[in-house]
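Hi,

Here is the structure I promised to pass on. Have a look at it first, and then read my notes below.

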Amino acid sequence: MALTPEQEAEIAAQRGAPQQTLRAVSPGMEARLYSAHNVLDHGLVRVIDYMGDDSAICQAARVSYGRGTKTVNTDAGLIRYLMRHWHSTPFEMCEVKFHVKLPVFVARQWIRHRTANVNEYSARYSILDREFYIPEAGQLAAQSSQNHQGRGAVLEGAEAARVLDILREDAMRSYDHYEDMLTPDEESGKQGLARELARMNLPTNIYTQWYWKVDLHNLFHFLRLRADSHAQYEIRVYAETMCDIVRDWVPAAYSAFEDYRLGGVNLSGKAVEILKRRLAGEEVTQENSGMSKGEWREFESVWG
Ligand SMILES: Cc1cc2nc3c(=O)[nH]c(=O)nc-3n(C[C@H](O)[C@H](O)[C@H](O)COP(=O)(O)OP(=O)(O)OC[C@H]3O[C@@H](n4cnc5c(N)ncnc54)[C@H](O)[C@@H]3O)c2cc1C
């Protein structure tokens, strides 16, 4: 479970006290604000705050005085134009602040995205909870033989059960030791180790939490990389949850992103030439394409 009843009550109280504002609000985002979306076994994503909506992107692009919106269709057309031509700064006018609870090994991949503002839960100041990511059976897979960075067939039977036992036992044992090291005992004169040191033995499947604030342009960049099938499952599920949130927040911008970035492909100069040769009836193979084997494989996976 990601939230305690007290945390649920705090969120309900925030959602139960709406305030009037002159600022632009997105109805889709208002419906999601503060609520937790569960991810993995103990993780969550929730929006703490946001600025802007689809019309804010158009307003910035037109540098208007008022709301600057035209019809919904005109705005959507402008947003598609901006996305198509990589005009990124109007998208930077929208911002969002997430609260994310995630395993440390996922956080380590996530933190590579340098264009966000981050504040993480301090394990020097506070004691970490006994919460570890234990994969579902369907996610326990063998090393892929084709992809050095990927997974292959799902583990089965006794092997899967043994892996789960090891993960659970290691997590519990290391947490017991963590607690033991932390805890003072007056009778025996045990002082208890500082929190900043005691955490050293904890495995990377323990959960951490952070606030992560980013603008829409850089969020789209993050989502393109991490909602992609090449991203590790454990970060991808967070990115997919965030995609759902962003779709509700800025529907026109998300639709353009989905079309041009998630659904689109970039063509190299060589690829354009090959497609032209193919359309002219020529049979192009890897050998006469000028592409390396790897590049050709990727080209064929899109174009057949
Ligand atoms: C599937 C996958 C596998 C990966 N495998 C590995 C791996 O094996 N090893 C590894 O170390 N990493 C790996 N990464 C991480 C990857 O190399 C990037 O570090 C990460 O995705 C962040 O990308 P970014 O720098 O574009 O994003 P951000 O840090 O969000 O930056 C966004 C953009 O801002 C610009 N920018 C930001 N900071 C700077 C800067 N200091 N100087 C210049 N331009 C800047 C760049 O244009 C950048 O694209 C992997 C990522 C993915 C998605």
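**What I found**

Glu120 is partly exposed, because 13 other C-beta atoms lie within 10 Å of its own, while a residue needs 20 or more to be buried and 12 or fewer to be exposed. Keep in mind that this is a predicted model.

As for where Glu120 sits, it belongs to strand E4, which covers residues 117-120. Setting aside neighbours within four places in sequence, Glu120 is in contact with Thr208 and Trp210.

Now for Arg124. Is Arg124 buried or exposed? Arg124 is exposed, because it has 9 other C-beta atoms within 10 Å and the cut-off for exposed is 12 or fewer. You will find Arg124 in the loop that runs between E4 and strand E5 (141-143). Not counting residues up to four places away in sequence, Arg124 touches Arg195 and Glu196.

Now the domains. The domain assignment gives three pieces: domain 1 is 5-133 + 205-262, domain 2 is 134-204, and domain 3 is 269-303. Taken over C-alpha atoms, the centres of domain 1 and domain 2 are 30 Å apart. How many residues of domain 1 are in contact with domain 2? There are 14 of them, and they meet twelve residues of domain 2. On the domain 1 side of that contact, ten residues are nonpolar, one is polar and three are charged.

Finally, the protein as a whole:

- Its secondary structure comes to 14 helices and seven strands.
- The C-alpha trace spans about 85 × 60 × 30 Å along its principal axes.
- Of the 304 residues in the protein, 23% are buried.
- Among contacts with a separation of 6 or more, 67% are between residues 24 or more positions apart.

Cheers

Definitions and conventions. Residues numbered from 1 in each chain as written. Predicted model: local features only at pLDDT ≥ 70, side-chain atom pairs only at ≥ 80, totals over all residues. Domains from an automatic or database assignment. Contact = placed C-beta atoms within 7 Å. Nonpolar A, V, L, I, M, F, W, Y, C, P; charged D, E, K, R; others polar. Helix = DSSP H or I, 4+ residues; strand = E, 2+ residues; numbered from the N terminus.
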